[in-house]
Amino acid sequence: MIYDPRRMTRDRYDELPYADYCFPRTHPEHLFAVSALCGRPAPPFARCRVLELGCARGANLLPMALDLPGSEFVGVDLSEVQVAEARDRASALGLTNVTFRAESIAALSDDAPFDYVICHGVYSWVPPAVRDAILAVCRGRMRPDGVAYVSFNALPGWNALRTIRDFLREHAPPGPALERVRRARRALAVLDGSLQADPSPWSAWLRGELRELGGADDAYLFHEHLAAVNDAVYLRDFAAHAAAHGLAWLADADLRVAAPALRPGAGDPIALAQSVDFTHNRRFRASLLVHGETAAGPADPAALARLHLATRARVPDVGAAALTDDRPVTFPSDERPLVLRDPWMKCALHALAAEDRRPVSYAAMAAAAAARLGLDRRAALGAAAAHAPAVLDLLFDGAISLHAGAARYAEAAGLRPLASPIARAQAMGSDEVTTLRHTRIVLPGEARAVLRLSDGTRDRAALAAGLPRDARSEAERAGDCEQALDWLASNALLVG
Ligand SMILES: C[S@@+](CC[C@H](N)C(=O)[O-])C[C@H]1O[C@@H](n2cnc3c(N)ncnc32)[C@H](O)[C@@H]1O
């Protein structure tokens, strides 16, 4: 039989479809916001055309299509099985602004130009000709002011991971996908056992990696570690490849990773980012690319004035005076608590934290801080501008997140609560769903049952009545239902 890499790829993903995830940093609102932060206007994300290359079963594109009804989405994937599933899901959701096509990135059918191109988890996993095609599409099918997102496995981090991959491929020779996964898992267990008595740092590192891999799903193990192609690259080589296609590297999609190269006054951004990758042994990168002619400089603190911000930090349990004097105040967070001393920064973060992760415009946040500090209009404008660099630092630290507009989900449950239709469909078969923030979340206790019932036809009493009958009183069930609705609203799962 003639070796046909395209057919082999299609068959592999038809046999074992890829995991079903969404990726918040691929969302056009995020791409718009990072571009704007660099002082570079990008197409309006609420009315744009988005192309996803290697879209698998549509888990990333479908929630975007639901979120942005004024935009149009096209997903392309070689695997007919995955594309068929994506189409079925789109029609079950009644979405008319998303199309899925079973075709190769290297032979796209004709299309009007796109504003945003997304290619997550494909570049490192395809042969060189398809890698060329990915970048050719970003240049040839994307409007001049567009932004592309391309992620890849990075060096030097993958140098050591390659040892695991080579080991697994040796112990899981070609054969049916699930049989190879079974053999790979057995090899992982044997390797782990043989390392137990070895006290070396190498053994400790390797065992940590093996533990992680042991918890990974079959599709990840198969397509990441057993795939015929998985070529990690250095960021500088990726950027050079992009430049050869007329594309410029804008930033990493993760602002915490992007920070060193994006800080105002940073030197050569690619050389800097590459040095950081060596220091941190980075193993994955998600790069934003733009047409070379529209390349932008580092982040501009003044650009924050046109953007929105949100925080996961919570309102601190302190009196109002602690916000306006010079005492340090700790804002609790599930991640890292944030300690601030500057009165304007404390008041600004308090305003954000009070919104429970809902984006607030920089202007509204600054106005709230000024009001609490009793600043007049002139002083308020001055303080808003003067604190922008410190706010940018919080963004680079990951304490706050960047947005380009207000939340597009309900703040509280309505009289007849209506949940995100995608999350409701997902909750029929899983306790992990996609939120309207384009993130994934595991539904706790009663939330899953309440989510499934929240189709806009039931009031509170009907929702509580639909919950499983158990030892709880009616009043207790109603209380639990209300709590679950609050949780769903807080976690961006309700549209009404
Ligand atoms: C590792 S999966 C990533 C899927 C998804 N983007 C994600 O990250 O969850 C790679 C996907 O690229 C698709 N693919 C590989 N080569 C392709 C090509 N030449 N044209 C279109 N799709 C391709 C595969 O079918 C598969 O669905």
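## Around the ligand

In this predicted model, helix H1 (5–15) and strand S2 (72–77) each put at least two residues into the shell around the ligand. That shell counts 21 residues in total, and the closest are Tyr13, Gly54, Ala56, Ile105 and Gly121.

## How H14 meets H15

Two packed helices are described by the angle between their axes and the distance between the axes. For helix H14 (residues 343–353) and helix H15 (residues 362–373), the angle is about 125 degrees and the axes lie 8 Å apart. Angles from 65 to 115 degrees count as roughly perpendicular and those over 145 as roughly antiparallel, so H14 and H15 end up oblique to each other. The crossing of H14 past H15 is right-handed.

Now for the residues themselves. H14 brings Pro343, Trp344, Cys347, Ala348, Ala351 and Leu352 to the contact, and on the H15 side they meet Met365, Ala366, Ala368, Ala369, Arg372 and Leu373. Sorted by type, this contact of H14 with H15 has 11 nonpolar residues, no polar ones and 1 charged.

## The whole protein

Stepping back, the protein holds 21 helices and 14 strands. Its radius of gyration is 24 Å, close to the 23 Å that the globule rule gives for 496 residues, so the protein is as compact as a globular protein of that length. Along the principal axes, the C-alpha trace spans about 75 × 65 × 60 Å.

Key. Residues numbered from 1 in each chain as written. Predicted model: local features only at pLDDT ≥ 70, side-chain atom pairs only at ≥ 80, totals over all residues. Near = placed C-beta within 6 Å. Helix = DSSP H or I, 4+ residues; strand = E, 2+ residues; numbered from the N terminus. Axes fitted to C-alpha atoms, helices over the stretch in contact; angles between N-to-C directions. Parallel < 35°, antiparallel > 145°, perpendicular 65-115°, else oblique. Left-handed = near helix turned anticlockwise from the far one by under 90°. Contact = placed C-beta atoms within 7 Å. Nonpolar A, V, L, I, M, F, W, Y, C, P; charged D, E, K, R; others polar. Rg over C-alpha atoms; globule rule 2.2 N^0.38 Å.
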